[in-house]
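Here is a short tour for someone meeting this structure for the first time. Have a look at the sequence and the model, then read on.

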Amino acid sequence: MTGKMALDVQKHLPDLWKEGALFAFSGYDGQTDSNSQFVATVGAEEISLLFHTPKRRRLQFPVSHSGEVRIATGDVLLSEMDEGPLLAVYQSWHTLIGLAPSTIDIRLSFEEDEGGKVWTKDALVVTESANGRDVIVLLRGKERWALAYGSHLDEAVSRVMKGLTFDAWKVMEARLQFYERVPSLEDPLKERLLNKCFSVMKVNTLAPEGVIRQHWSTPDRVPHQAMWLWDSVFHSFAMNRLNPELSWEFLKSVLDTQREDGMIPHTCKVDGTGSSMTQPPLLAWGVWENYLHTKQSNYLRYALPILERYLNWDITNRDRNGNGLLEWMIEGNPLCRSGESGMDNSPRFDRAAILDAVDFSVFAAQDAHYLGLIADELGETAIAQRWQQKAADLNHQIQHMLWDESEGFYYDRDMDGNFSRVKAVSGFLPLLLDHLPQERTERLVSMLQDASHFQTKFPIPTTAASEQTYSTDMWRGPVWMNMNYLVYTGLKKQGRRTEADQLAQQSIQMVQKYYEQYGVIFEYFDSADLVPPSECDRKGPPTGTYNIRQKMDVVRDFHWSAALTACLLMEQA
């Protein structure tokens, strides 16, 4: 099959190639190497790629026009130009190959002020870091070209020479086979968005490396470069629909990081280093959802003891006042008072007070429920009954201690017994629980639909618009797709399908609007829709010029935004 024929077969693939989009080799297709940092993002102007090695390089195709971009996934770029096709595709984690008309120049250089040695020899352009620890080489043939990374010159040259021998069209076809599993949608724009979502998921999938013994997922290849606990669960929800075995590997990679005392850290890197805190306990839910697709009871049996020890650790170590409700760890950093909650800079934590937390308690109750389901499926009746009772006890305490009847909302509670009264999206999470009183569901829906609080242009703001602290800064007002998905799931559970579908459609519209404008899937969005995501604050104002090494602004091609948008698109089809 020729490249043209392969292109004809593909329907509504992503074709927006804009600044900050991730471009890297996926562990779905073979070995990866996180330590090399040979990962690119798209440049702002002409077709260019910025490689985020310790000393960054830029690959440029300085043309007066970019032609018609036909494919722009996380590992394939194809633009049809008058002179011929311009193609870039990853042959392996260390080698990028492609085609370019002979009239188009290709340039490789260090990013401004990065430093390093640049020299040419015959058809080779060599960029060698000052410390000699990495080399990237460009080799140009007549219409073919290759770019390769190496830990030293000979390795890079060997790889780039071999790269030039591959048929770029065939490699492209191999990379695009991934999308054959993606469901078709009637609306071509939504189908393109769905394929973009799975493109983001693919590029953020890595192969076994270091201490991680199977495939794993990361929030984003740059700047995070690590595996995160609750992120991985959200990633698994969408991957269940394409490749449930791969989804299981995402989850198992996190389960395998459990420490001797039962704690599972919120991050882990391939070298085995991790954090000293945890994250929201969603793993039992993730394992159960995966089981519904794989029907592999051996996966449940592997996970059960790990999940039990983990939730027991949470219950033992995060209930300081012994009242059956859980409290997040509070940090000293005013820009990240509770990274453990995942809602780093939420105004819930501004006072640096220990709080009986609505979200932590709900997540624990829900995971206890799923632990009960897992144990029951395995015939472990006593274990199942114990965890279902724990879920019921947690639910009782949430309803008894965290519901404010006067305002019709769930609030965190101080250790002195007073409500914190910061209206946050976490107050809707009890919708996920069983046996929620109908009148409380009604009042939560009323709060959700109140334009003075949560019914913003794009709901749901993570902090109510009525709060003095409401802004475009991370968890202080913007919309996060994981929270929307959790509330959407809760609304469905409580039989509020109309409201759930409305939230899903608003969420899809939000992501699609900014994908069409910027060609990426953003980390979060201004709920008032007055500020584009690229200009939202992220623990302080954006830098103006997009430079994640200078300051991490709103992350682009963020994995859980893509995964959960994909879930909504498929569930709403």
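How many bridges join strand 1 to strand 2? There are 2 of them, and strand 1 runs antiparallel to strand 2, which covers residues 40-42.

## Before going further

This is a predicted model, where local features need pLDDT of at least 70 and side-chain atom pairs count only at pLDDT 80 or more, while totals for chains, interfaces and linings use all residues. Residues are numbered from 1 along each chain as its sequence is written, and side-chain values use heavy atoms, with hydrogens and water left out.

Helices (H or I, at least four residues) and strands (E, at least two) are DSSP runs, numbered from the N terminus, and two strands pair if DSSP finds at least two bridges between them.

Strand 5 (residues 68-72) and strand 6 (residues 76-81) pair in the antiparallel sense over 4 bridges. In this pairing, Ala-72 of strand 5 faces Leu-77 in strand 6.

## Salt bridges across the chain

Side chains of opposite charge can pair when their charged atoms come close. Counting a salt bridge as a side-chain nitrogen of Lys or Arg within 4 Å of a carboxyl oxygen of Asp or Glu, the structure holds 36. One of them pairs Lys-202 with Asp-29, with the closest N and O atoms 2.9 Å apart. Lys-202 is in helix 4 (residues 188-203) and Asp-29 is in the loop between strand 1 and strand 2, so this pair ties together parts 173 residues apart in sequence.

The closest N and O atoms of Arg-192 and Glu-516 are 2.4 Å apart. Arg-192 is buried at 10%, whereas Glu-516 is partly exposed at 27%. Another salt bridge joins Asp-256 and Arg-213 (2.9 Å, N to O). Here both partners are in loops, and the parts they tie together are 43 residues apart in sequence. Asp-256 is partly exposed at 24%, and Arg-213 is exposed at 56%. Finally, shared partners put Asp-29, Asp-75, Arg-175 and Lys-202 into one salt-bridge network.

## Space inside

A cavity here is a set of points on a 1 Å grid over the protein atoms alone where a 1.4 Å probe fits but cannot get out, and lining residues have an atom within 4 Å of a point. Points are joined across faces, edges and corners, and a volume is the space filled by probe spheres set on them. The whole structure has 4 cavities of 30 Å³ or more.

The largest cavity holds about 150 Å³. It is lined by 16 residues, and the closest to its centre are Asp-33, Ser-34, Val-39, Leu-206 and Arg-221. The lining has 8 nonpolar, 6 polar and 2 charged residues, where Ala, Val, Leu, Ile, Met, Phe, Trp, Tyr, Cys and Pro count as nonpolar, Asp, Glu, Lys and Arg as charged, and the others, Gly among them, as polar.

Definitions and conventions:
On a 1 Å grid over the protein atoms alone, a cavity is a set of points where a 1.4 Å probe fits but cannot get out, and a pocket is an open set with protein on both sides within 12 Å along at least five of seven lines; lining residues have an atom within 4 Å of a point. Buried means under 20% relative accessible area, exposed over 50%, partly exposed in between (1.4 Å probe, protein chains only).
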